[in-house]
Amino acid sequence: MAVQDALPGRVGSGGNAVLNDQRVRGVIFQVLLIVAIVSFAWWIIHNTAVNLRAQGIEFGFDIMLDSAGFQINQTLIDYQETSSYVRVYFVGLFNTLLVSLIGIIMATIIGFVVGIARLSNNWIVAKAAYVYIEVLRNIPLLLQIFIWYFAVLRLLPPKREAIDLGPLGLLNIAGWYAPSPVFGPGFDFVVGAILLGLAASFLIRAWARRRQMATGERFPVFWTALALVVAVPIVVYFLADALTKGAPLTMEYATQGNFGPRGGTRIFPEFIGLLFALSFYTASFIAEIVRAGILAVPHGQTEASFSLGLRPGHTLRLVVIPQALRVIIPPLTSQYLNLTKNSSLAVAIAYPDLVSVFAGTALNQTGRAVEFILITMATYLAISLVTSAFMNWYNSRVALVER
Amino acid sequence: MSDIQAESDLTYVREEMLAEAPPPVRDKGAVAWLRKNLFSSWLNGAMTVLALYVIWVIVPPLLNFAFFDAVWEGASREACATQQQGGVQPNGWFGACWPYIGDYFAQFVYGRYPIDQRWRVDIVFALFVIGLVPLLIPSAPAKGPNIVYMAVIFPVVALLLLSGGDFEYGSFIGIGEALASAAYDAGFWIDYALLALVFLGLAFAWAKATGAHALEPIKLVLVIMAALAVLLFLLGFDFGLESVPTSVWGGLLVTLVIAVTGIAASLPLGILLALGRRSDMPIVRFVCVVFIEFWRGVPLITVLFMSSVMLPLFLPEGVSFDKLLRALIGVALFSAAYMAEVVRGGLQAIPKGQYEGADAVGLAYWQKMRLIILPQALTLVIPGIVNTFIGLFKDTTLVLIIGLFDFLGQIQSSFTDPSWATPVQAVTAYLFAAFVYWVFCFAMSRYSIFTENRLRAGHQR
């Protein structure tokens, strides 16, 4: 009897034995689930088709080739009013990626500084970092965007005046007029020198590592790389300057005109507001991640490394940071992803990101909700999935190998 | 022997100890604290000075704006505008305009909810607090009834009070419509009874087929269908309350409705999704993974766009959803996916022995989850759950982008009123909004830390 009970196909009291089998029940349940999902999907698609037909809209992506007919103030690629919606998509996508990328860099720097400050022995620094974190992460991001855009940046001087930032250009309510680089004829050589320097540094690093493994002798890789990537291009710069009789790189500065600043690269206040809000908000989360990561490395690791005779700098670089990074990187990536997704709040202040121009302006203009929303969602989904795939790969690479 | 001899030779032995000398001045009191905590090294000193400078740049102007230079009384924009701008303040004045907040306070809380009906909102707020506070205090008695109150009674009462009830349902199968074409409600109830009969029949058939006791599943179906009927009857009953459409709801009311509904819906849904993701059934697992990863991969704003422009297309012609309800569905599904990942973390942290132990004592799947696994897993991830709640609360602000007037949306819309339009209006309003959101979120995070410590104390004992 006991043996019989343990068998999967147990006979109940007079019922159908098959229906009481866990596996059969599992199969039945899953089949029902599939039927439910498929019929739900069919119902939705059917309704959508009927509704679209009633509105006289034909589903299809050929609309994307039509000319958009509206202007976008910030475009990283060539764009005119006559450009197609495909181009609108790329303009929006690049704007999203631009603000996300710069935001990620800023948030990482601020986050690491604040996170380390939070652990400082210095009472006032630690408390200031604590207050920063608790204030910034408990206020909705959208409100912070509004505060930067509608409150802080509105305090800047009006269009005809400007704050002179010296070498950084001019600043007023219409944006930041940054100096724009003008590339001279010799600049290609400088770029080439930097690229060659980078490649050479990687080769030297590999060689130095092999030599150290074999002989134990060490090579000053860092200083060599610095010389190759920074010093050599500088020499090339001046050589090019002398040879081609024109500086490879000059800066064009904005000047104060009668109707506001002219020249330079204008960086729009929408971009600045969104960037600041995203960076400071995300930095408060990164700071907590960094703090947790550093605290996660047991003190015994530092002590063990000291007793092996490593110097504090080496202890930090070779023992503490690699272990802290293992804890820090996964949540850090998800914060990067959050920042990228949160950049879609740009629509609230009309920064021309993907959601704002593509799922916003273009959608409203054409009324083709399904196509535009689907493409937008698919884009973000692709960004997320690629990042998580990379994360999984990285995690498996740095995962603790336990023997 | 010689030792004793030597001792007795001593002419002087000191018998009382010297009193302890006070520590050097530099090691005690405020000076020592400063040296140790602020100026232990040159670098530290420099950082202290830098931090003090940053505080000096931020804090005094903020305090000046909010308190010392602020206007506390006034009837219109003149009180908060400089002479250049046509007001009474000296030129260059920059301070908060609190009378504007006072003037608009009721709108920030209720939105455009009819003024003579606002007592209903007040009652809902009061009922919510009455239910929530004892739930949050660990030593308060009667947790069971309290949960029933918060999960069942409060939502129904709140919905009735806020909307006015008297919902109308039509026939949904069509048979009722044919039988009772005159009475709209009767058609629904006939259909409902038919549906209940179908479910009863299915339950009976399932019991017969599996050989289980027929009474149990039938009782279950009866109880569920009867409870649902009571609920629907109550919602459809005319209590004589004036109907208030959700389009006039606004302010903190909408923020709280979205946040509370989202929280209430996302937790059970998230638990189900997490269990599905760790299920043995491959198709269930696949469906849950796809669902979770989809919602986690897209920004909430696209979800809200979808719910506002695409959801109406998904429904049959003539059926339309309330705008607020559409946003609610989007928010709930979105946060359910995040909740699912938090709960999954808890499920994975439970040692395998707990699962095997539950199997060994012969518990079925749902018994095992309900009695053994979930209570442990959920307590483990309380901080994560509260974090998701905080995120959800902050995310409610996004509904203003699709044209709902939540707290922040109401504040934004107050800027269009010319009677308070001054350069300090936006700054004042945002300061106020930031403070309100901060209080809510900070309170939640403190409570989460409190719970965490309480539970950890239990582990250490």
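Visitor: Where do the numbers and letters come from?
Guide: Residues are numbered from 1 along each chain as its sequence is written, while chains are lettered from A and ligands numbered from 1 in the order in which they are written. The model is predicted, local features need pLDDT of at least 70, side-chain atom pairs count only at pLDDT 80 or more, and totals for chains, interfaces and linings use all residues.

Visitor: Back to the core. How many residues has the largest nonpolar core?
Guide: That core has 152 residues, and Ile145(A) and Leu274(A) have the most contacts inside it. A nonpolar core is a set of buried Ala, Val, Leu, Ile, Met, Phe, Trp, Tyr and Cys residues joined through C-beta atoms within 7 Å. Buried means that 20 or more other C-beta atoms lie within 10 Å of the residue's own, with C-beta atoms placed from the backbone.

Visitor: Which helix gives the largest share of this core?
Guide: Helix H8 (residues 269-295) of chain A, with 14 residues. Helices (H or I, at least four residues) and strands (E, at least two) are DSSP runs, numbered from the N terminus.

Visitor: How many helices and strands are in chain A?
Guide: Chain A has twelve helices and eight strands. Its radius of gyration is 29 Å, well over the 22 Å that the globule rule gives for 403 residues, so chain A is more spread out than a compact globule. The radius is taken over C-alpha atoms, and the rule is 2.2 Å times the number of residues to the power 0.38.

Visitor: What share of chain A counts as buried?
Guide: 30% of its 403 residues.

Visitor: New topic. How many residues of chain A are in contact with chain B?
Guide: 55 residues of chain A meet 48 residues of chain B. H2(A) gives the largest share of chain A's side, 13 residues. By class, that side has 35 nonpolar, 18 polar and two charged residues. Ala, Val, Leu, Ile, Met, Phe, Trp, Tyr, Cys and Pro count as nonpolar, Asp, Glu, Lys and Arg as charged, and the others, Gly among them, as polar.

Visitor: And which domains is chain B divided into?
Guide: Domain 1 (24-67), domain 2 (69-111 + 405-456) and domain 3 (256-400), with bounds from an automatic or database domain assignment. The contact between domain 1 and domain 2 of chain B takes four residues from domain 1 and six from domain 2.

Definitions and conventions
Two residues are in contact if their C-beta atoms, placed from the backbone, lie within 7 Å. A residue is buried if 20 or more other C-beta atoms lie within 10 Å of its own, exposed if 12 or fewer, and partly exposed in between; C-beta atoms are placed from the backbone.
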